[in-house]
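I opened the model to go through its cores, helix packing and sheets. My notes follow in the order in which I looked things up.

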Amino acid sequence: MVLATFIVHVGHAQQVEGVVTDAETGESLPGVNVVVQGTTSGTSTDSEGNYSLNVPSLQDTLVFSFIGYQTQSVPIDGRSSIDIALQSQAISGEELVVVGYGTQEKANLTGSVSSIGGDEIAKRPVTNTASLLQGRAPGIQVVQNSGQPGAEDVNIQIRGQGTFSGAGSEPLVLIDGVPGSLSDVAPNDISNISVLKDAASASIYGARGANGVIIVETKEGRSGEFLVSYQGQYAIHTPTKSLDLITNSAEYMRLFNEARRNTGITSGLYPEEEIAKYENGDSEQYPSTDWMDIMIDPAPVHEHQLNFSGGNEATTYRVSLAYTNQDGVMRGFNYERFNTRVKVSSQVTEAIEFGGNIGLQKGMRENPAQSGEDTYLSTLSQAPTYRPTLPDGRYTFKAYPFEYNNKNTVAIVENEVFSNITNYTVNSQLWVNIDFSDKLTWYTKGAVNADFDENKTFRPEVQLYNYHTGEPMSFLDVGGRGLTVNDNRNIFTNLYSYFNYTDTYGQFHNFHAQVGYSQEENTYQYLEGFRQEYVTSNLRVLNAGTPSIQRASGLEESWALMSIFGRVNYNYDERYFLEANLRYDGTSRISPQERWGLFPSYSVGWRISEENFISNSSASSWLSELKLRASYGELGNQNIGLYPYQSLLTFTGNYSFDNSQLSPGVAQTSLSNRNLKWESTTVLDIGMDLTLFESLDITFDWYSKRTEDILRSSQVTDLVGLSAPVVNSGEMLNKGVELGIQYRKFVNGGALDGLQYQIGVNFDKYTNELVTFGEREIRSYSILQEGEEWDAFYMLETEGIFQSTEEVNNAPPQFSDNTQPGDLRYKDQNGDGVINQDDRVIIDGRHPDFNYSFNLSGQWKGFDASLFFQGVKGQKYFATNWGQLPFTQGSPPAEYWKDRWTEENPSESLPRIYFGFNAPQKLTRPSTFWLENGSYLRLKNVNVGYTFGSELVGTIGLRSARIFFSGDNLLTFTPFPGLDPERAGSGNFVRYPQNKVYSFGVNVEF
Amino acid sequence: MKTLKYILLITLVFTIGACEDFLNKTPNDQPTESTFWQSQRDFEIGLTAIYGDMAGNGYPWEEFAMNSVLYPNLDNLTDNSYGQHNYGGSQQLVQGNITPTTGGYINDAYSHSYENIARVNIFLQNLQNFEGDGIGEEVRSDYEAQARFFRAFNYWKLYFFYGAVPVIKQPLTLENQNQPKNSAEEVFNAFLEDVNFAINNLEDVHYSENGGHLVKASAQALKARALLYNGYDSNGNPQPQILEQVRDITQSIMQGGYSLATNYVDVFREGTQEGNPEIIFSAKYLAPDKIHHGDQMYGDWLVVSPLPSFVDSYEASDGEPIDQSAVYDPENPFENRDARLTKTVFRDGPSFEEGGAHSPTNDVPTEYGLKKFLEPGHLPYGYATLSDQDWVIFRYAEIMLMYAEAQNELNGPNESVHEAINPIRNRAGLPDLDDNLTQAEMREKIRHERRIELAFEGLRYYDLKRWRIAEEVLNNVDDGILSYTFEEKHYLWPLPQSQIDQSNGELEQNPDY
């Protein structure tokens, strides 16, 4: 019905024809959309760039649009032949870049801003928007920690870890100007992402700009054309890697016995006659089960997007619908998502334009109640000596009572011991822009973001049996019993308004000023209910449970922020640039005396290429653009706790004196600090933008980012007996360089005539230093110490394996260990003749040496292809337990443990085998033996497509159609022995696996 | 004109939005300091939180040393058992890798003690500053006595583990947080001051009659236990002046109406704890909202694994060691034994005479597990288990054994010594001790009796230390999975390195570390 209103009848048709070329190269452009403005009638250019179109009248206007080029509107003015040269969007000096509260011409930027096109990031077949930023611009470090559908746990840092405050180092994300979350936007709705990296660009967001700002602009409709496009893709996900484990039961059992004996455990060994049964017996009764194989399967994922867009001269609109359904590669995981986004704007009068933007999302995630990592390690912990179920379908606990495992994950999945998380997000905005004159405008936006999460977790009681005897043994470990329902509500409101004033004095003095006000308020509530006893596990709502054991809890909290901001730009003849930004923020989290903070920044730029001595010289033939810029400014961080300055007591320490009634308790549990103030970050950035031969863009930045008065827990001695107050103390310094290189080439003539290709390289490197901290703090394998990188690895260094008793006796004694041949040999770092905790040293590798990425892409005669590589160098991980330490909770050792040290096989690299968590300290003590190199280079994405022009598909009513293959994480080069080197830090060796994706899709425009 | 309309509209929105209080936000789920401590009810609630702090949930990764439910884990530092999870760093400690940076108990015994002390200090300061009506003198001193009992308990713990530490009697702030150490003697005197105040001001009724609140005997029991720790010098020689005090205090408790429960397990099982004549103080729990995880920790996870040598040390039912007994059957080692064996230890998995059994999910490294505190009514054991059996902190059997020990050291194995120890043995189905034991023989019998009767109540480490036999006993454990090392200096632990580092030089490390 809605569509019908847009149908325009074609009257007395007249024909217009012509050829469309690239303005730079003169080459003809195939596939360009040509539409009569305000109608749906149009066509595309053929492979020679020619078009021919019937128009209602020769007084109409034609709109030429093509990806990567600036759209042009051309009045026909009675002509019947119109040739057009389209300007590439990448041409310097005319590209607009989204900055805080507005846009600027790229050539005029004096801050460090990276801009990423929506088309580029939508190439990857990934459902999580945040992951798509990976490797797309220098200085942005993105780590996806998990491949779990809907819970990818993506960590974004801009220019390294800027602070150690509890506030974290996550950047501020703005969706169409309003704080939000990247996960609330479907990838195909993104038109552009700007990353503000330095103080000059981010300080207009003062209080929250310290970790950088990511600004996402969603796509909007264009006047003149009604477009319907559909994109669909079907993908298969498989894990990027699986572990090679000893799953032969007899081998497992023998090694199990050896490990237990080495550990000093003499009970609970597999008798030799039982092992023999597995070697010779029936494989149903005495199996060698590969549990990983049972739990992991290739997973299908499909995605559909439908977009409608168009408009007339006054009004444009875009409506999109998206659907994603992603199964996990492990059984029991699924994510399903619906998105709609409506964006409308209208010029109501000559002076007034208003618009609205609504994004709705419903996400439904299902996963085993104890999360992805737990499911993986629990599966890993199962011995191969039994199957998940007995022959009659009952669930297995163990084959022998002395075996040791975690929960039977097949039973978890089949009994639906799941958490179901349903998330509804509403992002709505309304804005109005009033032009008082050519020089003065007033823009106002109001937004409400509402998030509703419902989390239901059901834990039934499932009996488990002995695999051999069929006797009941235990109940499935599901972490409790009963139903927990948790309802979360978060309402965020934001209202901001600003005036823009632009003027030019004389011929050369260009001036722009902006001043505005913003206020934000956030309220979060949750309500949780629990009932333990359920008659049936099919009825999973609270009322189906008996009220004998039930609990309820709830919470409500809020914060607010009020701000005034401004910006002044001045340039002389577009050669010399000056900019100043200022923000004055007040926060509810800090006491009234200290709550207001002022965040200024200043920047300068010099476009050398515009100087007469360049532009009038021969250098101008190759030096298309050269700009130097420098900026300095201050940013803030207020994101620590909600009420850290107030002296509060806590409801804690309930006690039942008489065993019949519970009395409430209240105690002071922490110190407060009324004198809290803002954490501040100052950034100095010096950069250069260079373009050579109109085709090679080089952007270079050097920065120094210093965070002071860090909001952190004070170091308080235990004597105080209360948890530490938040104080302003500590200083952290990140210094780094960023380099981005883009090269574009259009081949003219020859066999490859018409080939267009791009090569891009991004590189960034930073060093982190904890400048001021206080007394050092030692963690289990890391240290916080002034002058070192944050949380530097701190452990013993191993130097091989003891090979003989003699070697042990001649070596410095190691702790009070009962060191034997085959044990790790620790290095005596301080040369005092004994190995103890004083021999721990700082080991490099907590932060990467550098990050890099490069991409190649090309288009030729309808074919397009791109390759995207991304890598990290010099990052290490301290990763242990399941999959690494043999027999952790019974988990089968990796195959390589067959090469362990024994008297017959005196290995130089692998020690004796010990038994899981019972392994002695001499093996498990944090040492470099467990520290792994996590460097990697991976083929992040391959994308190959072919576009059918309208001459081919026009007959079936399509404007264009593209089919494509997209592959993600297809190749990885890494020395890391764990599952995937892409992980957010140390910890357990295993994670929920990352995905390798093979995706096929189609893109159709009607 | 149209433009003006818009301008007015936007201005209106801002006028509504911006008001003075916009940036004033306070939490709705926490009282503020300025509004609390205003009535007797507030002080009752504050006192409750002091009790509540002692009754933790029993998850060892959340709380260690303060937690009653985790006392059994302390036996993992001794010849009684092995701790496969290394909670509290028990494996490092057993192996003698005791340094200021060992962590685990070395840190937690310190921090948890001061945490509880701070809670008491804040309570006492507010009580002292309270000027309103409604709290009578008697109530005031009773509150103070209850609070000071807990402070005493913690100072004693600090004294026991570290010796000399700072004595803190006022709430501290960031400005005065660094305090120098007091001598061990001063720490003990601070303990005595508090415990004596508690003894003098707590209700003098049977614990079962005081609604779960502390009574005089609870404080007396604490004082006796602490004094007994000082009852031997560093060579293990008895100190008669101190032992006399122990004897007198225990004697006084023995006149307070306490008696042994009929069954050994009654003390530890849920249905038989309320009104139990043996319990002098316990940490109380109430399902479903105040629970612990003792059944899960010991019955399913095997946080404590008794050693075979410990199991072998139980006498046969004829009162003889198993290698000398005529009734002991190596084929059926759990039969014809001290009845406490099958109540204290299970093999492979817990099972109960009254029915019910459990198959543990965790490893059973020594073949044995700890059954003593398990409640059959809570089967099966797991995360959903709502354990609420009270955790006994002082009970009459310990008082009798303390009396017997002090009296034997002072006056030899006289009749009163036999009268104190025999009922405990008889309850376990064992015969009376031989009337003709020498003082030295009786000493060994009492020491053995303590190891068995009080097994896993967290007292073995205390006994080994105060008798000065830790080196002799621990360095000879040969079935412990770990290789045991105990040196002279380990009688006191080092202070945590982090505390030395952060003290601005105020805090001195213990000698030898």
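I began with Phe281(B). Leaving aside neighbours within four places in sequence, I found Phe281(B) in contact (heavy atoms within 4.5 Å) with Tyr51(B), Met54(B), Phe149(B), Phe150(B), Tyr207(B), Leu214(B), Ser218(B), Val392(B), Ile393(B) and Phe394(B).

A note on conventions. This is a predicted model, where local features need pLDDT of at least 70 and side-chain atom pairs count only at pLDDT 80 or more, while totals for chains, interfaces and linings use all residues. Residues are numbered from 1 along each chain as its sequence is written, chains are lettered from A and ligands numbered from 1 in the order in which they are written, and side-chain values use heavy atoms, with hydrogens and water left out.

**Cores**

Next I asked which residues touch the most other members of the largest nonpolar core. A nonpolar core is a set of buried Ala, Val, Leu, Ile, Met, Phe, Trp, Tyr and Cys residues joined through side-chain atoms within 4.5 Å. Buried means under 20% relative accessible area, exposed over 50%, and partly exposed in between, with a 1.4 Å probe and protein chains only. This core has 164 residues, and those with the most contacts to other members are Phe123(B), Phe149(B), Phe191(B), Phe281(B), Tyr298(B) and Trp493(B). Helix α6 of chain B (residues 137-162) supplies the largest share, 14 residues. Helices (H or I, at least four residues) and strands (E, at least two) are DSSP runs, numbered from the N terminus. I then found a second, separate core of 66 residues, which includes Tyr376(A), Phe878(A), Ala919(A) and Tyr992(A).

**Helix α6(B) and its partners**

I looked at α8(B) (residues 216-229) first. It packs on α6(B) at about 15°, with the axes 11 Å apart. Axes are lines fitted to C-alpha atoms, for helices over the stretch in contact, and angles run from 0 to 180 degrees between N-to-C directions. The two helices, α6(B) and α8(B), are therefore roughly parallel. Angles under 35 degrees count as roughly parallel, over 145 as roughly antiparallel, 65 to 115 as roughly perpendicular and the rest as oblique. The crossing of α6(B) and α8(B) is left-handed, meaning that the near helix is turned anticlockwise from the far one by less than a right angle; clockwise would be right-handed. From α6(B), Phe149(B), Ala152(B), Phe153(B), Trp156(B), Tyr159(B) and Phe160(B) take part; they meet Ser218(B), Ala219(B), Leu222(B), Arg225(B), Ala226(B) and Tyr229(B) of α8(B).

Then I turned to α5(B) (residues 105-129). Its axis comes within 9 Å of that of α6(B), and the two cross at roughly 160°. α5(B) and α6(B) are therefore roughly antiparallel. Their crossing is left-handed.

I checked one residue of α6(B), Leu158(B). Is Leu158(B) buried or exposed? Leu158(B) is buried, at a relative accessible area of 0%. Outside four places in sequence, its contacts are Ala109(B), Tyr110(B), Ser113(B), Tyr114(B), Ile117(B), Gly163(B) and Val165(B).

**Sheets of chain A**

I moved to the strands. Two strands pair if DSSP finds at least two bridges between them. An open antiparallel sheet of 4 strands has the order β3-β2-β5-β6 in chain A. β3(A) (42-44) and β6(A) (72-75) stand at the edges with a single partner strand each, so one side of each has no neighbour in the sheet. Neighbouring strands here are turned by 20° on average, direction ignored. Within the sheet, 4 bridges join β2(A) (residues 33-36) to β5(A) (residues 61-65). Val34(A) has Phe64(A) as its bridge partner.

Another open sheet has 3 strands, ordered β50-β49-β53 in chain A, with mixed pairing. Its edge strands are β50(A) (931-933) and β53(A) (987-988). β49(A) (residues 876-880) and β53(A) pair in the parallel sense over 2 bridges. Ala879(A) stands opposite Gly987(A).

**Covered strands**

In β15(A) (residues 190-196), 6 of the 7 residues are buried. β15(A) runs antiparallel to β10(A) (residues 113-117), with 5 bridges. Ser115(A) stands opposite Ser194(A). β15(A) is also joined to β16(A) (residues 213-218), antiparallel, by 6 bridges.

Last, I noted β11(A) (residues 140-144): 4 of its 5 residues are buried, so β11(A) is largely enclosed by the rest of the structure. Its antiparallel partner β12(A) (residues 154-158) is joined to it by 5 bridges.
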